Protein chains: 2
Amino acid sequence: MVQPILIDGRWQAANDCGTFQAYNPQTGEALTEVYPLSTWTDCDRALSAAHDAFTLLRHIEPRRLGDFLETFAEHIEQRADELVSMAHIETALPESPRLAEVELPRTTGQLRQAAAATSDGSWAMPTIDTKAGIRSCLLPLGPIVVLGPNNFPLAFNSISGGDFAAAIAAGNPVIAKANSSHPATTRMLAEEALAAVQSVGLPPATVQLLYRTAHEDGCRLVADPRVGATAYTGSRTSGLRLKAAAEKAGKPIYLELSSINPVIILPGAIHQRGSRIAESLTDSCLLGTGQFCTNPGMIVLLAGEATERFIDELVDRFKSRPHGTLLSAGVARSLGESILAIVGAGASVLAGGRADSNRGYHYENTLLRVAAGRFLENSRAFQTEAFGNANLIVVAQDVDQLQQLIERLEGNLTGCFYSDTSGADDALYDRLEPWLRGRVGRLLNDKPPTGVAVSPAMNHGGPFPSTGHPGFTAVGLPAALRRFAMLACYDNVRPERLPPPLGDKNPTGRMWRQIDGTWSRDDVPA
Amino acid sequence: MVQPILIDGRWQAANDCGTFQAYNPQTGEALTEVYPLSTWTDCDRALSAAHDAFTLLRHIEPRRLGDFLETFAEHIEQRADELVSMAHIETALPESPRLAEVELPRTTGQLRQAAAATSDGSWAMPTIDTKAGIRSCLLPLGPIVVLGPNNFPLAFNSISGGDFAAAIAAGNPVIAKANSSHPATTRMLAEEALAAVQSVGLPPATVQLLYRTAHEDGCRLVADPRVGATAYTGSRTSGLRLKAAAEKAGKPIYLELSSINPVIILPGAIHQRGSRIAESLTDSCLLGTGQFCTNPGMIVLLAGEATERFIDELVDRFKSRPHGTLLSAGVARSLGESILAIVGAGASVLAGGRADSNRGYHYENTLLRVAAGRFLENSRAFQTEAFGNANLIVVAQDVDQLQQLIERLEGNLTGCFYSDTSGADDALYDRLEPWLRGRVGRLLNDKPPTGVAVSPAMNHGGPFPSTGHPGFTAVGLPAALRRFAMLACYDNVRPERLPPPLGDKNPTGRMWRQIDGTWSRDDVPA
């Protein structure tokens, strides 16, 4: 039996033109459930239903969206064991602590933070000019298409993750497109989302699910007039195809594409605490078998004896750690291809470098090395993202070369400096920091980039090609909500016709609004 | 002699591949000054200089950018008579009140508001999470290419207008591309901008000027790796070409493309004050010979006897008003073509409809009419922007038809409802407003859309194709600055390395920052 899709509140047979199955990455064997490859007919049905749901959602109190997000979080917790077990089968990510103690609580935490953000309402940045009689705020944009990645089956899942939570909290229905590597986890999450929609009484099409479409239908979907915007996390190739289609139609699309997250370790830091850095960096490199958006794919060092010892330490650690399982055959294949490309451009293999021929999807923990001079000759090739447990060390001969290397970096989600804590690296830091700053969304000191706190100050974003726009973040509330909104201005509109955030009275009593230049939680002064 | 271009602080000969002259719209005669059509060599020199200037600007205190903007405003005022006179010659816009009393003060006012915004610093929305050790704010993005429109030679000029002021205030150098219809006005403004740059001691390439490039070089310019972003106001055709080029390269581009700004006059309003509305709407339609981005290009009415009388009144006014001069031969030609397209689709001509064959660029005040039923058959053709003194009346038979019409509208900068002030139209308003709301950036009640106040709550923006992104405004400070910035996050960065807006101490004492969820002007609590 082919699994049904979720359209307009009902699980119904897809109008499919094929099917697919997911695979157990540990064994390489196909799982039993069969999922549909939807035709445009399914997309069209979802779009129409979402369009109608959006019309209804506009009149629903934000508090009820908050209730939905809270209820959904509770449902996920009630089904936690089953979800964790299925996510493990489909992704090979460890049940504990990764899925059960880290990712699932992060998922429900995000949903609850989103609930708080929508109930509070400050995300919409209401701006009131009483003298000019002009008031504006962000309003929901329309149905949001969410395409989630393979590497966080819960916390970035199309139907439960950060983009989903932000899109709903901003008042939009979501059309989720499952990631093909974990459809059963996604199905279970969609079941719980639907139960929460029903329990709160939201329009049935607030949450819909398709499993897979042809590329051309995906492009048509994100460009459809009924769509408000799209959020995509995944490979650069697919992302750029969707970007071109959406932008040609004038539709906003927020993409998280790829990032090698350079980590620059200055000499004083190696001198001061090289072994500790090597240890924590190895943890970060191999976390989730290296399949983090913020994996430190490139480690940049200045040549020297201590540097060679530091590299040796990294190599030992990479060799001695057991290697994890990769998410899919596609990830394993792509990782192998990327390593080949980087080696082909002139990097040497310090550790690993071969696929593990045991059953399932594995690759040896791999550490590559190239001189910065060689890097500069072909900086594009050496910035190939090797998604998985492979990392590249680049050794610069001097500071000029190091600076040139930074200047050649593409846009990244993160960039990190390790430096001596007593000041020995400060001049170097001051010289190099401005060059890195403009190329990364999040700049770190003295810690690896793999932790992405759900903080209002977080930027999980960055310059192209790490994302599609340098001004937005996918993680961190309430900022992530602003992607799924339009700026709506009211000029001379009669008071009784203003939306609640723009009325004289503060509708929640705690909404931050900018009134005549002052941020305030008060009512508009009479 | 071919006029020089402004590169890296010096007026120098262009590497040109042709020349052009502007025309006096009142006579149709070429003006004497000859301007260069730059080759890519000029673009490349400007880009390199801007890139270097940006590196320096990052270390300059925002207060000095404010000084520049203030000084520039003073220079403009000192040369006001000459600027107004030249702008009049090049655009035929009336010297008084339009240029001298309205547009020039608006221009200097914008520069001063931008100066205040950069000095205050709140625009960057510093967000501080003390518990997580994460802090973020907006930082300047890089050189901004500004391409200004023909219809505001001062207030939207590439080198003095709203986009220019916002780009500079956000900390970026500007490469201005003059509008070909008013190069001498632009040259004079650039002279004053350079004098202000020199007087304040900013990097010389903070402000640069090219006059014209080939289309392909324009596309290459906005996509260049050295560019931060582009701001464009102008025709939809050119804008979409630039949009495709910039977005393919992952470069943000903010566009203001076209808008017909529907005005819906409900029956009660006509009954209550039809003549007054007809008068103020005629003023708005013919203001600046209809060459406003927010010109009410489409007037939507419900069929009835009073509606027919209202239309007769509009027709009388359109016929009795003298017609103004259009900005250029191109505008006149395009206006004629648009009117032909709309008439060709089935509209009838109620007034005007012919070019005025006197010398210079003129068209009769033109009022067209079509039934909503006909409109719905070919809604695209009837939404052709007729930039100039021509407006289309659409008469709906009933409310269903009116709603269908609104649902077919493309994205617009503005949309307006006139309604009875004692409540007779309220049910109708409530039904129709949600449909219009999502299609316009600024929703008005009971006033025409042509006034665009420089208010923090303004949205001079709207859904595609009126602009390229529904979340940003080109007018209104400080919001307009946020287009030219990237979100820069600092994670675990040592306190002395944070940029001033993110330090514990409030750097200006009046910067609004969000500290642990609370907007505040205080220092971070110890």
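At what angle do helix 9 and helix 10 of chain A pack, and how far apart are their axes? In this predicted model, local features need pLDDT of at least 70 and side-chain atom pairs count only at pLDDT 80 or more, while totals for chains, interfaces and linings use all residues. Residues are numbered from 1 along each chain as its sequence is written, and chains are lettered from A and ligands numbered from 1 in the order in which they are written.

Helix 9 (residues 267–286) and helix 10 (residues 305–320) of chain A sit at about 10° to each other, with 9 Å between their axes. Axes here are lines fitted to C-alpha atoms, for helices over the stretch in contact, and angles run from 0 to 180 degrees between N-to-C directions. That makes helix 9 of chain A roughly parallel to helix 10 of chain A (angles under 35 degrees count as roughly parallel, over 145 as roughly antiparallel, 65 to 115 as roughly perpendicular and the rest as oblique). Helix 9 of chain A brings residues including A:Pro267, A:Ile270 and A:His271 to the contact, and helix 10 of chain A brings, among them, A:Phe310, A:Leu314 and A:Phe318. Contact means C-beta atoms, placed from the backbone, within 7 Å. By class, this helix pair's contact residues are seven nonpolar, five polar and four charged; Ala, Val, Leu, Ile, Met, Phe, Trp, Tyr, Cys and Pro count as nonpolar, Asp, Glu, Lys and Arg as charged, and the others, Gly among them, as polar. Helices (H or I, at least four residues) and strands (E, at least two) are DSSP runs, numbered from the N terminus.

Now for how the chains meet. Chain A and chain B each put 53 residues into their contact. On the chain B side, strands 7, 8, 20 and 21 and helix 15 each supply at least two residues, and strand 21 of chain B gives the largest share, with seven. The chain B side counts 26 nonpolar, 16 polar and 11 charged residues. Of the interface residues of chain B, 98% are also interface residues in chain A, so the copies meet through the same surface. Strand pairing crosses the boundary too: strand 21 (residues 485–491) of chain A runs parallel to strand 20 of chain B, joined by three bridges (a pair needs at least two DSSP bridges).

A:Thr130 lies in the loop between strands 7 and 8 of chain A and, with 13 C-beta neighbours inside 10 Å, counts as partly exposed. The cut-offs are 20 or more other C-beta atoms within 10 Å for buried, 12 or fewer for exposed, and partly exposed in between, with C-beta atoms placed from the backbone. A:Thr130 touches A:Asp516 and A:Val524, leaving aside residues up to four places away in sequence. A:Pro140, in strand 8 of chain A, counts as buried, with 26 such neighbours inside 10 Å.

Notes: Two residues are in contact if their C-beta atoms, placed from the backbone, lie within 7 Å.
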